[in-house]
Amino acid sequence: MAEMSMCSSSSREQVSPEEERLAIRDFVISAEAHTKEGDTFYLITQRWWQQWLEYVNQDQANNIDVSSLSEHCDSVSSSDVKRPSVIDNSDLIYDMTSEDSTMGIELHDTLVEGRDYILLPQEVWNQLYAWYGGGPTLPRKVINSGLSQTGLSVEVYPLRLQLVVVPKGAHSTIRISKKETIGELHRRACDIFDLNMEQVCIWDYYGHRKHALMNDMDKTLDDANIQTDQDVLVEVHSNGSSSAFGGCMSSVQENGSADKETMSVLVEPSKSSLSIAGGLSASKGVSRSCSSELSQSQNLTSPVRELDSTYGVSGVSTRGATGGLTGLLNLGNTCFMNSAIQCLVHTPEFARYFREDYHKEINWQNPLGMVGELALAFGDLLRKLWAPGRTPVAPRPFKTKLARFAPQFSGYNQHDSQELLAFLLDGLHEDLNRVKHKPYIKSRDADGRPDEEVADEYWANHIARNDSIIVDVCQGQYKSTLVCPVCNKISVTFDPFMYLSLPLQSTITRTMTVTVFTCDGSALPSACTVTVPKQGRCRDLIQALSGACSVKHNEKLLLAEIRNHLIDRFLEDPLILLSTIKDDDHLAAYKIPKLSKSTIFLQLIHRREEQEIGNAQKSFGWKPYGTPLVSPISCDDVITRGDIQSIVYTMLSPMLRTERQGHTDISETSISVAASDPSCDITASEAFTDSIESDLKDMDGNSYKTVTLSKLPLQLVDENNACIDLSVGEEKPIKLSSSSMSILVFVDWSHKFLEKYDTHYLENLPEVFKYGPVTKKARTEPLSLYTCLEAFLREEPLVPEDMWFCPQCKEQRQASKKLDLWRLPEVLVIHLKRFSYSRSMKHKLETFVNFPIHDLDLTNYVAHKNNSRSQIYELYALTNHYGGMGSGHYTAHIKLLDENRWYNFDDSHISAINEEDVKSAAAYVLFYKRVKIDDASVSNGAQSCAGHENILPQN
């Protein structure tokens, strides 16, 4: 048993549960923003973490600011939850340490993040350890991951490699990070076996075959495609020379087998997603485990022997000779793979193709393929699943090939079934591409030619380079139109697609709250909430607000971003992207008249007196508060100080308290000026001994007499940042700056002045979007699949990271893009985009999408109107995802066309279901097949494959 600190928590400084919660929350927020490669995270048992959450949230009624905590920490309200004892991670590790000193503390195989353990940033672990003690400490490093190496993940399970030494016959098991170099592996091997570097050469001995000499010392093991639990061959040269790199294998043949003791097929994850939110989510109800069949993966049976034993086993069949009801064993979080495979296997065209002789179409030389190995592995698995009998198949050989060619799916973590599906379709296409030598073809722009001609040209060019059963069945074509926002250049291209990824409603639109102010005194400020395109522009927001607030034809809205009670910027450019406006920003919209003459904006900044606590007589300055007001002023007219007084009074008039609407005596109101010029402070008695009577003009230019008003405590900031008192010299003209678009006027609200006006309308400007528990609930109203498709096809601007080079402007432009469906495939795969990612945060949308099972009619969505083919589809398969991101579960619903009956494929368990049970909020990837006009639909495996030319997409 690993040694752990058992210091009593009582010996440490005691802090309250709330203090612990806030401290850990702050550490989490900081870590989330600054996590980088090389940082250290620590595993902590889920059991202890849950106890701590209950302890620190026992008196917490409201949500915590950290979303990952707020989702799971609100339900505990008991006031007598005991403080957890010392941290005990013993349930995560084996009871005894390995006899091999190179291994250290070993985690149990197939631990699942969120179910068995939580990942904590180093600062969080250090603080918890200081409070509670215990252990053992289980640190793990953050590494770059993903195909682009830009993502971050915690390497919970470093590579476990079997080092086999020849000719000595010694062997050892080591743990090493996949980001370590081959040079470090050389050094570790030499240290373990007491060898000199000059004596040794190391081979990638995957599957007990010599694949590659590992002599690039700077290359990482990840780049060398080294897999966990594989063998690494350490060749020792007795003469100390390393010149014979190619042929010093004497005791082990290149395709021979090593000592059985060096073999290992133990199942384990290779890494865990870096998910601070997931790590802190710790839900009390653990989602359904994907590893109910894990015991199957612990057998130390040879993969080859297992392959023989599972192939051709008849078992007990309840369906006679009918196939297609064979399940797949879960090897440990492989439900994502099983669900995708079952949908592909039950695609009629693939079922026919791979059950016949497809070997003649394998492209053995395609550098983009997997030298036919992926196609062979998939074909072999498909035949097993269609063989008579219902004995579940262990897809371990296929999983091994998958990890070999797609390292992102190595190990036994949960993955995205749609990402796997995309890889399989692309990989199978390249392995089965009938084009052995791809010609170079340069695409031409449309240049005004008819769409039909251009589309056929693009499709012919595509087929000249890509021709496979995958293209025949799954690939369609869409029309892409780009328009330059500067020169209006239109570019039309026709691109192939393998599947459609449709956004759900909450991912394509955005709710924004803006407070609308008037400048003519006609209404009080009011908050207005509208829905706009997430990738829209300011013009979309203004249009939505104008409709919601009934803006007249002679009025317009001026958008401004408010920060620290001042106007940070005016959003006058209608092309400003709404994505630049954050949810926690504050926006104001000022309803102003449309004026043909040049104008300048008067910004009225509110300030109030800051006072020392406990001494109401001592003030030490004025501080901005509330929301500025804005009114346009004509630059062509002479504006006096009295005019400013009248304009401001009009702006403030809706807030005038009704019970005090007589003559306002504010002669005792104190005022001050801008802090930059304290010398212009004046006394209240000097400021408001006079009253004014002015001619005011409304926004339509009509004159009217005002009642006698008191002068307001206004200060104008001039070009030199000096303050001008506007309560004296009302006939004096104001000098308007020709270079600035605004003039600043301060109104200082004393306590006496606040008795006359109710300024709470100016305070507490709402955020653009306020997060709360209600936003985490799934939509209750049905969302149609057609609505998702329309959102996918809607015109929208390109994101800034995906600018388009305009051939006419010769510059990168943020063009608008419009997609149209042009040519639909025989099998249409539709991906519902339920998952979204931001930094280390992961979110899943539980939105219910109402998708048709029969008669999905896409006729009106196909731009090619001369296409005579049926555009009506029928659902025959789909994958489902239940639960959260880290510990969710995948299943598949599949219709056996021979029986016209639906089945649920849940790994190895298969059960019949009713058609009405097919639809749910878990639906993730949908598989539709085209309905033949003559109703001669092909059933699974019932007809012979007459040739690929019969199922080519046609015009």
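Modeller: Before we start, one definition: helices (H or I, at least four residues) and strands (E, at least two) are DSSP runs, numbered from the N terminus. This is a predicted model, where local features need pLDDT of at least 70 and side-chain atom pairs count only at pLDDT 80 or more, while totals for chains, interfaces and linings use all residues. Residues are numbered from 1 along each chain as its sequence is written, and side-chain values use heavy atoms, with hydrogens and water left out.

Biologist: Thanks! How many salt bridges does the structure hold?

Modeller: There are 32 salt bridges. A salt bridge here is a side-chain nitrogen of Lys or Arg within 4 Å of a carboxyl oxygen of Asp or Glu.

Biologist: Show me one. Which residue does Asp191 meet in a salt bridge?

Modeller: Asp191 meets Arg187, at 2.6 Å from N to O.

Biologist: And where do Asp191 and Arg187 lie?

Modeller: Both belong to helix H5 (residues 182-193). They sit four residues apart, about one turn of the helix.

Biologist: Is Asp191 buried or exposed?

Modeller: Asp191 is exposed, as its relative accessible area is 52%. The scale goes like this: buried means under 20% relative accessible area, exposed means over 50%, and partly exposed is in between (1.4 Å probe, protein chains only). Arg187 has 37% relative accessibility, so this residue counts as partly exposed.

Biologist: Next pair! Which residue does Asp451 meet in a salt bridge?

Modeller: The side chain of Asp451 meets that of Lys479, with 2.7 Å from N to O. This pair links distant parts of the chain, since Asp451 is in helix H14 (residues 451-465) and Lys479 is in strand E13 (residues 476-483), 28 residues apart.

Biologist: Why does Lys479 count as buried?

Modeller: Because its relative accessible area is 14%. Asp451 has 23%, so Asp451 is partly exposed.

Biologist: What about Glu561: which residue does its side chain meet in a salt bridge?

Modeller: Glu561 meets Arg569, at 2.8 Å from N to O. Glu561 is buried, with a relative accessible area of 3%, and Arg569 is partly exposed at 29%.

Biologist: Which residues are linked with Glu561 in a network of salt bridges?

Modeller: The network links Glu561 with Arg563, Asp568, Arg569 and Asp585.

Biologist: Changing topic to the backbone. Which peptide bond is cis, with omega near -5 degrees?

Modeller: That is the bond from Gly135 to Pro136. You can find Pro136 in the loop between strand E4 (134-135) and strand E5 (139-145).

Biologist: OK, and what is phi of Ser550 near?

Modeller: It is near 55 degrees, a positive value in a residue other than glycine. Ser550 is in the loop between helix H17 (538-548) and strand E18 (555-563), and at 57% relative accessibility it counts as exposed.

Biologist: And where is Asn900?

Modeller: Asn900 is in the loop between strand E42 (889-896) and strand E43 (901-906). Phi of Asn900 is also positive, near 55 degrees, and at 56% relative accessibility Asn900 counts as exposed.

Biologist: How many bridges join E43 to strand E44?

Modeller: Five, and E43 and E44 (residues 909-913) run antiparallel. Two strands pair if DSSP finds at least two bridges between them. For example, Asn904 has Ser911 in E44 as its bridge partner.

Biologist: What do E43 and E44 form?

Modeller: They form a hairpin with two residues between them. Asp907 in that turn has a positive phi of about 55 degrees.
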